[in-house]
Amino acid sequence: MTTRRLLIAVVVMTLTTTLAVCRGGNHGGIKDGEKSTANAASDSTATTDNAAAITVAEESAQSKEKFAVSYMDGLWDTAIPAPVGPAVTAINEKFDIDFKPRFIYMQEYPDKLAVTMAGGDLPDMIGQEGPDANFVKWAKQGAFLPLNDIIKNYPTLSQIPQDIWDSVSVDGNVYAIPRWFPKKYGKRPVIRKDWLDNLGLKMPTNYEELKHALVAFTKQDPDKNGRNDTLGMGISSVGTGLLYGAAMSVGWDSGAWYYKNDKGQLIPGTITSRHKDEIQFLADLYKEGALSKDWAVAKQSDVRNDFFTGKYGMYFEQPYDFNQKRFTALRELQPTANLAIIPPFAQEDGLSGYVASGKGFYQMIMLNGNLKDQPEKADRILGMLDYMSTFVPWEQRNADHADFDWQNGGLGKGYEIKDGIPVDIPDAQDARPKSYLIGRYWAPNEEAVQPQNSFTDPLAKQFVQDAVETLKAVKFYKNPVDYITSAVADEKGSELDQAFTDHVTRMIVGNEKMDNWDTAVKEYLDNGGQEIIDDVNKIIREKNVTPGWE
């Protein structure tokens with residue numbers, strides 16, 4: 001038996017042994033009291049030598065048995081990949097499977113997933129945005145396969161830091177494969193730098209300066225087209241509350257647990273006095289006409305489209321993993337467009353920075369608990385995900401790197417090289433296997449990502465380069481709630497947040513007085529908010545999660 005064959009045999013034997021502890025049922029599950037822990041390496045700076053690494057997926061695929069592998073997930077993309085096509089054919093041939101993907105727009109996916117989970121006929125691979133209360137519930141019900149003693153056998157997965165494995169664990173069992181995402185390059189406040197220049201304004205450093213700029217964007221023809229067709233800021237509260245309102249540092253961020261109450265407990269930014277200041281700022285903008293009259297009912301996607309057609313002077317966008325066609329459209333409409341990240345404002349405590357974008361991953365894939373009875377199939381799926389997650393350095397991302405070329409659909413079919421940079425061919429997602437499987441490599445560190453190398457459109461490239469330089473000097477806050485799961489918060493949080501958003505929406509448009517702020521906060525606390533605060537703080541202490549700046 002060759003060394004590689006021996007490795008597969010060991011993996012399958014390990015998987016079989018691990019799964020032998022599972023009890024029966026519709027989905028399978030862990031025995032009561034079984035609480036093994038992940039045994040993965042925690043060195044996130046380690047890199048994988050693609051030439052030397054053992055590709056478990058390809059070795060596993062040499063098995064005579066061909067497996068049907070179904071997959072359900074949500075996507076934020078404007079166009080989702082078709083269930084059949086050249087990429088699906090390539091995946092089938094490479095991994096010796098019959099791949100059956102089903103993608104749903106993310107806005108609809110949570111409801112579709114809940115219906116599927118309730119029905120019990122689950123696909124082999126189940127995607128989710130993150131570990132929420134449903135994830136915990138379904139894991140405890142045995143819907144997902146425990147992965148603790150398996151992941152150590154895969155070169156890339158074994159390098160994922162332990163704290164990330166902990167984030168996708170329930171009662172000590174790992175139930176998901178996380179997908180890498182940067183902490184630094186999430187959504188940040190973006191401003192039309194060319195509009196500032198046209199009006200002789202400097203980059204805002206506080207809310208008064210920002211208000212002055214956004215009102216000027218509304219009333220002083222910042223694009224110099226002679227028409228009154230611009231507004232200061234594009235926001236929406238549909239689906240996100242005011243997460244992307246005007247939080248210009250952690251202290252104003254409604255999603256940050258940064259400040260404490262008089263009991264010494266961390267509290268959600270939603271109910272802090274600093275968030276009240278932000279709402280007053282937005283109310284001032286609305287009164288000046290610098291916000292759209294229908295902002296409260298506008299979809300986030302519509303607001304984004306309006307920003308990229310030159311309507312708004314400020315919006316939230318991420319300098320990573322976006323479709324550059326939006327930037328091309330704006331540049332063609334307004335050739336002098338120039339975009340910049342606004343550096344965070346100084347808080348009352350003298351600090352400044354933005355909330356880190358989660359805990360280093362976004363989206364995850366669980367395996368069906370029934371795969372306890374099919375260890376070879378589970379091994380092939382995990383090997384496939386490991387292969388797709390393995391980092392390829394930028395200097396190797398070309399047709400000479402066989403893995404990169406295959407994952408991206410082949411030169412001239414799924415991607416092309418422009419100015420030495422690989423660029424996805426528009427509307428060729430059905431040709432790229434990475435569109436169907438994990439499309440983000442597990443980076444050894446954020447610097448290795450080099451997001452500016454991903455784009456060729458001049459405006460997109462300018463924006464990302466500016467963002468990378470700006471964010472080098474910015475601190476990021478480790479938000480403690482990103483590292484825990486509170487059943488109380490998941491049960492009551494959405495309804496309470498929506499009720500509070502209704503209050504602040506009325507305050508912004510002038511239908512409710514700002515003087516009612518304390519009443520709205522009391523209502524939040526009395527209706528379950530204090531229970532959330534108690535539970536979150538208890539779990540933070542139990543898990544020894546330490547918030548702070550990174």
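Reply: Accessible areas come from the Shrake-Rupley method with a 1.4 Å probe, and for residues only the protein chains shown count as cover. Here the protein exposes about 23300 Å², of which carbon and sulfur atoms supply 48%. This is a predicted model, in which local features need pLDDT of at least 70 and side-chain atom pairs count only at pLDDT 80 or more, while totals for chains, interfaces and linings use all residues. Residues are numbered from 1 along each chain as its sequence is written, and side-chain values use heavy atoms, with hydrogens and water left out.

Me: What percentage of the residues in the protein is buried?

Reply: Buried means under 20% relative accessible area, exposed means over 50%, and partly exposed lies in between (1.4 Å probe, protein chains only). In this protein, buried residues account for 56% of the 550 residues.

Me: How many helices and strands does the protein have?

Reply: Helices (H or I, at least four residues) and strands (E, at least two) are DSSP runs, numbered from the N terminus. The protein has 16 helices and 19 strands.

Me: Which loop holds Asp96, and where is Asp419 found?

Reply: Asp96 sits in the loop between α3 (86-95) and β4 (97-105), and although Asp96 is not a glycine, its phi is positive, at about 55°. Asp419 lies in the loop between β16 (415-418) and β17 (421-424), and this residue, also not a glycine, has a positive phi of about 55°.

Me: What is the relative accessible area of Asp96, and is Asp419 buried or exposed?

Reply: Asp96 has a relative accessible area of 22% and is therefore partly exposed, whereas Asp419, at 76% relative accessibility, counts as exposed.
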